[in-house]
Amino acid sequence: MSRWFTQQRALSEIAAQEIELRNDLDRLSTWGKWTIDFIKIDKALAYLSKDRLTEEQRALLSEQIWQISRSYATDPLLILAVVAQESHGNPNARGRMQSGKFSGALGLMQIKLETAKKMGERFGLPIEKEEDLLRPEINVTVGTAYLMRLIAKYGNWKDALIAYNLGHSAVDKMLEKGTPLPTRYYEHVVSKYRNLTQLSFL
């Protein structure tokens, strides 16, 4: 009988070790994915910004986008595809209307000051002037938060991206009237996302 108990205890210990090993492998797999994501973000930023970001800015922004993508369970390259479409990776970009007049959109994600102030209040992030939005780390934080809010509102990336471009009021009116939403902006972002995923990062 004692031999049976000994064998059962040994089997239980082996089972516990196996569970621990599986958990370790899962953790290593997760850490590996996070590391690859971080490298992708850094390389994509270098590719998009074309030396318009200092190494210090890029390192800070890579870490920030990595953290944001984890918090929102979002592919970081989707965020960078919006950056590519909005500013071509230029942190000092100033949006222009067809007339050439300044549109009010600023920085990597082309955020307007009024929108940025509202989003900043939600995070306790004081944004007071346009120059604040030319700081890449602030611009991307606010821009991504706004985009995620639109995704929560519309329930999908497509409508959210169109609203990011046209404004949610305009999209709401179109949806109410049953007017088809213009998809050109969305298609451009998707195209840029595919381009980023096809780059050789490693």
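How much space lies in the largest pocket? In this predicted model, the largest pocket holds about 1,000 Å³ of space. Its lining is made up of 33 residues, and those that lie nearest the centre of the pocket are Gln110, Lys112, Tyr164, Asn165 and Leu166. Sorted by class, the lining has 13 nonpolar, 12 polar and 8 charged residues. Two or more lining residues come from each of several elements, namely the helices H3 (76-87), H4 (113-123), H5, H6 (157-166) and H8 (184-198), together with the strands S1 (94-96), S2 (102-106) and S3 (111-112).

**Helix packing**

Two packed helices are described by the angle between their axes and by the distance between those axes.

| Helix pair | Angle between axes | Distance between axes |
|---|---|---|
| H2 and H5 | about 20° | 9 Å |
| H2 and H3 | roughly 120° | within 9 Å |
| H3 and H8 | roughly 120° | within 8 Å |

Helix H2 spans residues 55-71 and helix H5 spans residues 136-154, and because their axes pack at an angle of about 20°, which is under the limit of 35 degrees, the two helices are roughly parallel to each other. H2 passes H5 in a right-handed crossing. On the H2 side the contact is made by Gln57, Leu60, Leu61, Gln64, Ile65 and Ile68, while H5 brings Pro136, Glu137, Val140, Thr141 and Thr144. The residues of this contact between H2 and H5 comprise 6 nonpolar, 4 polar and 1 charged.

H2 also packs against H3, with axes that cross at roughly 120°, and these two helices are therefore oblique to each other. Here Ile65, Ile68 and Ser69 of H2 meet Pro76, Ile79 and Leu80 of H3, and by class this contact of H2 with H3 has 5 nonpolar residues, 1 polar residue and no charged residues.

The crossing of H3 and H8 is right-handed. From H3, the residues Leu77, Leu78, Leu80, Ala81, Val82, Ala84, Gln85 and Glu86 meet Tyr185, His188, Val189, Lys192, Tyr193, Leu196 and Thr197 of H8. Divided by class, the contact of H3 with H8 has 10 nonpolar, 3 polar and 2 charged residues.

Note on methods:
Residues are numbered from 1 along each chain as its sequence is written. This is a predicted model: local features need pLDDT of at least 70, side-chain atom pairs count only at pLDDT 80 or more; totals for chains, interfaces and linings use all residues. Side-chain values use heavy atoms; hydrogens and water are left out. Axes are lines fitted to C-alpha atoms, for helices over the stretch in contact, and angles run from 0 to 180 degrees between N-to-C directions. Helices (H or I, at least four residues) and strands (E, at least two) are DSSP runs, numbered from the N terminus. Angles under 35 degrees count as roughly parallel, over 145 as roughly antiparallel, 65 to 115 as roughly perpendicular and the rest as oblique. A crossing is left-handed if the near helix is turned anticlockwise from the far one by less than a right angle, and right-handed if clockwise. Contact means heavy atoms within 4.5 Å. Ala, Val, Leu, Ile, Met, Phe, Trp, Tyr, Cys and Pro count as nonpolar, Asp, Glu, Lys and Arg as charged, and the others, Gly among them, as polar. On a 1 Å grid over the protein atoms alone, a cavity is a set of points where a 1.4 Å probe fits but cannot get out, and a pocket is an open set with protein on both sides within 12 Å along at least five of seven lines; lining residues have an atom within 4 Å of a point. Grid points are joined across faces, edges and corners, and a volume is the space filled by probe spheres set on the points.
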